[in-house]
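Please read it alongside the sequence and the coordinates.

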Amino acid sequence: MKRTLIVVDMQKDFVDGSLGTKEAVGILQNVKNKIEEYKKNGDEIIYTRDTHYENYLSTNEGKHLPVIHCIEGTPGWEIYEGIYVEGSEIVNKPSFGYIGWGKYSFDEVELIGLCTDICVISNALIIKALFPEISVSVDSSCSAGVTPEKHEAALETMRSCQVEVK
């Protein structure tokens, strides 16, 4: 059985950049350990990268979250140092959830990353909807929300939608 780890938006702007939080910094070692576990086992690792452009503030998201972040090509857009495994796929996504997951063949998916209450939950629910019979899980120790309260609320919502929370 093929296991896939999806590392959601572990980018500089979300860790210690324009939208960074102490909670995001606090999960870094757990994230590195989880990635190392998958790497050692030869499992698939896919990274998502929140990707915006110079017109971000005029987009719908930019009007609701007027903080410039993850502009393609900037340092804040890059995967956080020490997180990326060379040769792994990176999926650029212009929105909370990547809608191209249907082209993949998953047996089992685990998601980690940022932010639990926005992009992690969006991707977990898209994958669960596309592949209702596979195991989809989120490691809560390798994820952080905008706030601790929103992190917990997102985990509870995912549990309700049959996403296993570890």
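**Sheet and packed helices**

In this predicted model, 6 strands form an open sheet in the order 3-2-1-4-5-6, with parallel pairing. Strand 3 (89–93) and strand 6 (164–165) are the edge strands, each pairing on one side only.

Strand pairing
- Strand 1 and strand 4 run parallel and are joined by 6 bridges.
- Ile 6 has Leu 111 in strand 4 as its bridge partner.

Helices on the sheet
- Helix 3 packs on the sheet and touches strands 1, 2, 4 and 5; the angle between its direction and that of strand 1 is about 150 degrees.
- Helix 6 (residues 148–160) also packs on the sheet, where it touches strand 5 and strand 6, and its direction makes about 170 degrees with that of strand 5.

Helix 3 in detail
- Helix 3 has 14 residues (28–41), which at 1.5 Å a residue should span 20 Å; the end C-alpha atoms are 20 Å apart, in agreement.
- Leu 28, Val 31, Lys 34, Ile 35 and Tyr 38 are its buried residues.
- Viewed down the helix axis, these buried residues fall within an arc of 130 degrees, so they line one face of helix 3.
- Among the elements covering them are helix 1 (12–15), helix 2 (22–26) and strand 2 (44–50).
- Lys 40 and Asn 41, on the other side of helix 3, are exposed.
- Gly 42 follows helix 3 and has a positive phi, near 75 degrees.

Ser 137
- Ser 137 lies in strand 5 and counts as buried because its relative accessibility is 3%, under the 20% cut-off.
- Its contacts beyond four places in sequence are Val 109, Glu 110, Leu 111, Val 163, Glu 164 and Lys 166.

How values were computed. Residues numbered from 1 in each chain as written. Predicted model: local features only at pLDDT ≥ 70, side-chain atom pairs only at ≥ 80, totals over all residues. Heavy atoms only, no water. Helix = DSSP H or I, 4+ residues; strand = E, 2+ residues; numbered from the N terminus. Expected span 1.5 Å × (residues − 1). Buried < 20%, exposed > 50% of the residue type's maximum accessible area, 1.4 Å probe, protein only. Arc of directions from axis to C-beta. Contact = heavy atoms within 4.5 Å. Pairing = 2+ DSSP bridges. Axes fitted to C-alpha atoms, helices over the stretch in contact; angles between N-to-C directions.
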